[in-house]
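Please take a moment with the sequence and the model shown here before reading on.

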Protein chains: 2
Amino acid sequence: MAGGILGVEHGIVLAPMGADVAGPELVAAVVNAGGLGLLASPVNNYEETVKAIRAIKKLTNKPFGAGILLQFDNSKTIKAIYDEKIAFMQVYWGEFPKEKVDEAHKHGVKILHQVGSVEAAEKAVAAGVDCIIAQGVEAGGHIIGTVSLMALLPRIVDIAGNIPVVAAGSITDARGYAAALALGAKGVCLGTRFIATKEAYAHEYYKETLLKYTENQTDRTDLYGRASWRAYVRCLTTPFHEYWKQQPDYDTVVNDDTQPIIGHMTIYNGDKE
Amino acid sequence: MAGGILGVEHGIVLAPMGADVAGPELVAAVVNAGGLGLLASPVNNYEETVKAIRAIKKLTNKPFGAGILLQFDNSKTIKAIYDEKIAFMQVYWGEFPKEKVDEAHKHGVKILHQVGSVEAAEKAVAAGVDCIIAQGVEAGGHIIGTVSLMALLPRIVDIAGNIPVVAAGSITDARGYAAALALGAKGVCLGTRFIATKEAYAHEYYKETLLKYTENQTDRTDLYGRASWRAYVRCLTTPFHEYWKQQPDYDTVVNDDTQPIIGHMTIYNGDKE
């Protein structure tokens, strides 16, 4: 078994899956099992972030972390993370320069920067981060890069020096973990695999659907979230998705307020349509 | 070091890169170094295939193989392979059912079937092939599938039973080899890495270009070969390719006789424009 990362027993990281799939229960379960759990932080919300962090603290005494999307202003969430003095902060989808890393370190928070390219990894190295997560294009959820893990990971390891590199993308079992170590990583970051758990805050129907879909039934698309954040995600090729792919305006349609409301969900304490 | 495959010392396979990049010199060099060399066979041409095979036999006494594209009628090339009694035939891009595998075995030829999906691997298992090459979408040249090697390989290993599986796609060094073994493969198949050799029959300019391009500078496209065979390949994002990508008719243009001739090359003994 590998030696773990950043003082954590196992080199297994829980991806901070939004909106709140990686909530307090899942983070605590991973942490208590010896992994590095990352909370999906509420977006730029001090009170909700404090609340979620304190919920985790009730469930575990071990160190844990939280993920931040650099795409948005998250200063309030970051302040909550620093005030609550948690061990790790994962940053993604943007730059996090040396001044910011230094500030995190002053608060005793170690930085894991998730990247999808060698160029972004070089910037993270220069900024002095504590860990780089190399995300391959086969990853689920938001994917910032276009390169497969097999090609990307060794290239990032080559420039990371002593900074531990964690592999993300389509890893689901011990074989993937061992392969990542062979490619030079010190650990692995899993998202989708952790959705199919009791602790993940995802709909039961989605958890069951995950078990039925195969490696051949995903798609990289920027269809979703175009109204607020046009970014690529890897999703399941559900009948809903396949329907949209066949529409003539697939490339241009925006899920703004002109679209009909098709569902309702609760994320942390806020309702969304 | 791994134990090799199909009686060959090392589990390293030379991809039969067309048109004749993997020609007699490269095949012999790989075979003499303890790998499994696969010739890029001339398309449906008995005489040229015999000639190429005999050229290899002059350079090595060890067993070797040849690759066949199932997309085209290759009965004349296959006859040459059987008549010359070489050890291996790699088949790709189509079905190769049990009757055909049995026929190959009667001629003492072992079959390696390269696939890009679990479904195709299941058919190859049912046909009784001797080896399955699992090709990830990160591979160079023609790519039949859409799934990354990290996700595809263990799934194919799971259904292959005792049939050895070889991993193909973005493997360039010992780390990739070790990672493939960790995922359950018995060997690796390398193409692009072998182009950057003295023995590969590719233009010096292309060999030098390969060394300068990074993992971020490839594209999966069906732009090339639309006139005769519309299929996806992974190519370098050269200025020529980037120029074409920006054309308004990129999705529909066909490289037929209405297009200007931009170059001239010799493949085996035939000239092409």
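This is a predicted model: local features need pLDDT of at least 70, side-chain atom pairs count only at pLDDT 80 or more; totals for chains, interfaces and linings use all residues.

Two copies of a chain are related by a rotation about an axis and a shift along it. Here, a rotation of 180° with 0.0 Å of shift along its axis places chain A on chain B, with an RMSD of 0.0 Å. The two copies are therefore related as by a two-fold rotation axis. Among the residues of chain A, the one that comes closest to this axis is Ala179(A), whose C-alpha lies at 2.0 Å from the axis.

How do the copies meet, and through what surface? Since 100% of the interface residues of chain A are also interface residues in chain B, the copies meet through the same surface. One part of the meeting between the chains involves helix α7 (residues 174–182) of chain A and helix α7 (residues 174–182) of chain B, whose axes come within 8 Å and cross at roughly 170°. Because angles over 145 degrees count as roughly antiparallel, α7(A) is roughly antiparallel to α7(B). In this contact, Arg175(A), Ala178(A), Ala179(A) and Ala182(A) of α7(A) meet Arg175(B), Ala178(B), Ala179(B) and Ala182(B) of α7(B). The residues of the contact divide into 6 nonpolar, no polar and 2 charged.

Within chain B, the loop between α10 (239–245) and β12 (265–267) holds Asp256(B). Asp256(B) has a relative accessible area of 32% and is therefore partly exposed. Although Asp256(B) and Ala227(B) are 29 residues apart along the chain, their C-alpha atoms are separated by 5.2 Å.

The last topic is the aromatic rings. A pair of aromatic rings is described by the distance of the centres and the angle of the planes. Over all chains, the structure holds 8 aromatic pairs. In one of them, the rings of Tyr92(B) and Trp93(B) have their centres 5.4 Å apart and their planes at 85°, so the pair is edge-to-face. Tyr92(B) counts as buried at 6% relative accessibility, and Trp93(B) counts as buried at 14%. The rings of Tyr243(B) and Trp244(B) also form an edge-to-face pair, with centres 6.4 Å apart and planes at 80°, and Trp244(B) is buried with a relative accessible area of 18%. In chain A, ring pairs link Phe72(A), Tyr92(A), Trp93(A) and Trp229(A) into a cluster.

Methods. Residues are numbered from 1 along each chain as its sequence is written. Chains are lettered from A and ligands numbered from 1 in the order in which they are written. Side-chain values use heavy atoms; hydrogens and water are left out. Copies are superposed by least squares on the C-alpha atoms of residues with pLDDT of at least 70 in both. Contact means heavy atoms within 4.5 Å. Axes are lines fitted to C-alpha atoms, for helices over the stretch in contact, and angles run from 0 to 180 degrees between N-to-C directions. Helices (H or I, at least four residues) and strands (E, at least two) are DSSP runs, numbered from the N terminus. Angles under 35 degrees count as roughly parallel, over 145 as roughly antiparallel, 65 to 115 as roughly perpendicular and the rest as oblique. Ala, Val, Leu, Ile, Met, Phe, Trp, Tyr, Cys and Pro count as nonpolar, Asp, Glu, Lys and Arg as charged, and the others, Gly among them, as polar. Buried means under 20% relative accessible area, exposed over 50%, partly exposed in between (1.4 Å probe, protein chains only). Rings of Phe, Tyr and Trp (its six-membered ring) pair if their centres lie within 6.5 Å; planes under 30 degrees apart count as stacked, over 60 as edge-to-face and the rest as tilted.
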